[in-house]
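Please consult the sequence and the structure alongside the text.

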Amino acid sequence: MNDIYVVMSSIGAICMGLLAMVIRLKAIKQPASARKIILPPLFMSTGFLMFLYEPARPALLQVIEAFTVGMIFSILLIKTSKFEVRDNQIFLKRSKAFVFILVGLLLIRILFKLIIGDTIQVEELAGMFFLLAYGMIIPWRISMFLSYRKLQKELKNGNEFIVPAKT
């Protein structure tokens, strides 16, 4: 029964990863905004409700480990998330590496799950992977928000760095 949970949750993770990639690739076609940067972590924070269910609560050391690994993984996302100005609007720059990084992170997550899936209860493992994901999204989105605000200030000050839109 435990193997079924691992397989089903891995399939779910793959589907969520693909959905994240599709959403992210669509998002770069529209101008960025502070709200679009801030809201995903806020929406994701509802996942902390899973910890009301006692079996999903990892031990303190596991919480620290999961969050730290997430923060380390966020470095890759931070490095590939850059903004550009087109037609006096701020857009997220498309990165060829982003899709590969997301796929790589997803594969690492599935590999971790297969390796430690037998030693940790499925519910606890779910909690750890949620914390890993949250530890990844928070630094990434903070970095994006700071970069966005900096570029927004430069744009308001009328700096001459504006790239014309491609026609």
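The points below go from the overall fold to single residues.

The model is a predicted one. Its protein chain contains five helices and two strands, arranged along the sequence in the pattern α-α-α-β-β-α-α. The chain has 167 residues, of which 35% are buried.

**Overall fold**

- Taken along the principal axes, the C-alpha atoms of the protein chain fill a box of roughly 60 × 30 × 20 Å.
- Among contacts in the protein chain with a separation of 6 or more, 82% are between residues 24 or more positions apart.

- Helix α5 has 35 residues. From its first C-alpha to its last, α5 reaches 50 Å, close to the 51 Å expected at 1.5 Å a residue.
- After α5 comes G158, which has a positive phi, near 80°.
- Helix α3 has 21 residues and reaches 31 Å between its first C-alpha and its last, close to the 30 Å expected at 1.5 Å a residue.
- Within α3, the buried residues are Q62, A66, G70, F73, S74, L77 and T80. The cover over these buried residues includes α4 and α5.
- An α-helix has 3.6 residues a turn, so residues three or four places apart point the same way.

**The largest nonpolar core**

- The largest nonpolar core has 32 residues, and the members that touch the most others are L77, F83, I90, L105, W140, M144 and Y148.
- Two or more residues of this core come from each of α2 (34-44), α3 (60-80), β1 (83-86), β2 (89-92), α4 (96-116) and α5 (122-156). Helix α5 gives the largest share, with 14 residues.
- In soluble globular proteins, nonpolar side chains tend to be buried together.
- I90 is one of the core residues named above. Leaving aside residues up to four places away in sequence, I90 touches P31, A32, F83, E84, V85, Y148, L151, Q152 and L155.
- L77, also named among the core members with the most contacts to other members, is one of the buried residues of α3.

**The largest pocket**

- The largest pocket has a volume of about 1,300 Å³, and its lining consists of 45 residues.
- M16, G17, A20, M44 and I137 are the lining residues nearest the centre of this pocket.
- The elements giving two or more residues to the pocket lining are α1 (2-27), α2, α3, α4 and α5. The largest share of the lining, 14 residues, is from α1.
- By class, the pocket lining divides into 34 nonpolar, five polar and six charged residues.

**The enclosed cavity**

- Rolling a probe the size of a water molecule over the atoms shows where empty space is left.
- How many cavities of 30 Å³ or more does the structure hold? The structure holds one of that size.
- The largest cavity contains about 60 Å³ of space.
- The lining of the largest cavity is formed by R24, L25, I28, L92, K93, R94, S95 and F98. These lining residues comprise four nonpolar, one polar and three charged.

**Individual residues**

- Not counting residues up to four places away in sequence, Q62 touches I120, E124 and M128.
- A126 lies in helix α5. A126 is partly exposed because its relative accessible area is 41%, a value between the cut-offs of 20% and 50%.
- I116 belongs to helix α4 and counts as partly exposed, at 28% relative accessibility.
- Between I116 and G12 there are 18 Å in space, C-alpha to C-alpha, and the two residues are 104 residues apart in sequence.

How values were computed:
Residues are numbered from 1 along each chain as its sequence is written. This is a predicted model: local features need pLDDT of at least 70, side-chain atom pairs count only at pLDDT 80 or more; totals for chains, interfaces and linings use all residues. Side-chain values use heavy atoms; hydrogens and water are left out. A nonpolar core is a set of buried Ala, Val, Leu, Ile, Met, Phe, Trp, Tyr and Cys residues joined through side-chain atoms within 4.5 Å. Buried means under 20% relative accessible area, exposed over 50%, partly exposed in between (1.4 Å probe, protein chains only). Helices (H or I, at least four residues) and strands (E, at least two) are DSSP runs, numbered from the N terminus. Contact means heavy atoms within 4.5 Å. On a 1 Å grid over the protein atoms alone, a cavity is a set of points where a 1.4 Å probe fits but cannot get out, and a pocket is an open set with protein on both sides within 12 Å along at least five of seven lines; lining residues have an atom within 4 Å of a point. Grid points are joined across faces, edges and corners, and a volume is the space filled by probe spheres set on the points. Ala, Val, Leu, Ile, Met, Phe, Trp, Tyr, Cys and Pro count as nonpolar, Asp, Glu, Lys and Arg as charged, and the others, Gly among them, as polar. The expected span of a helix is 1.5 Å times one less than its number of residues.
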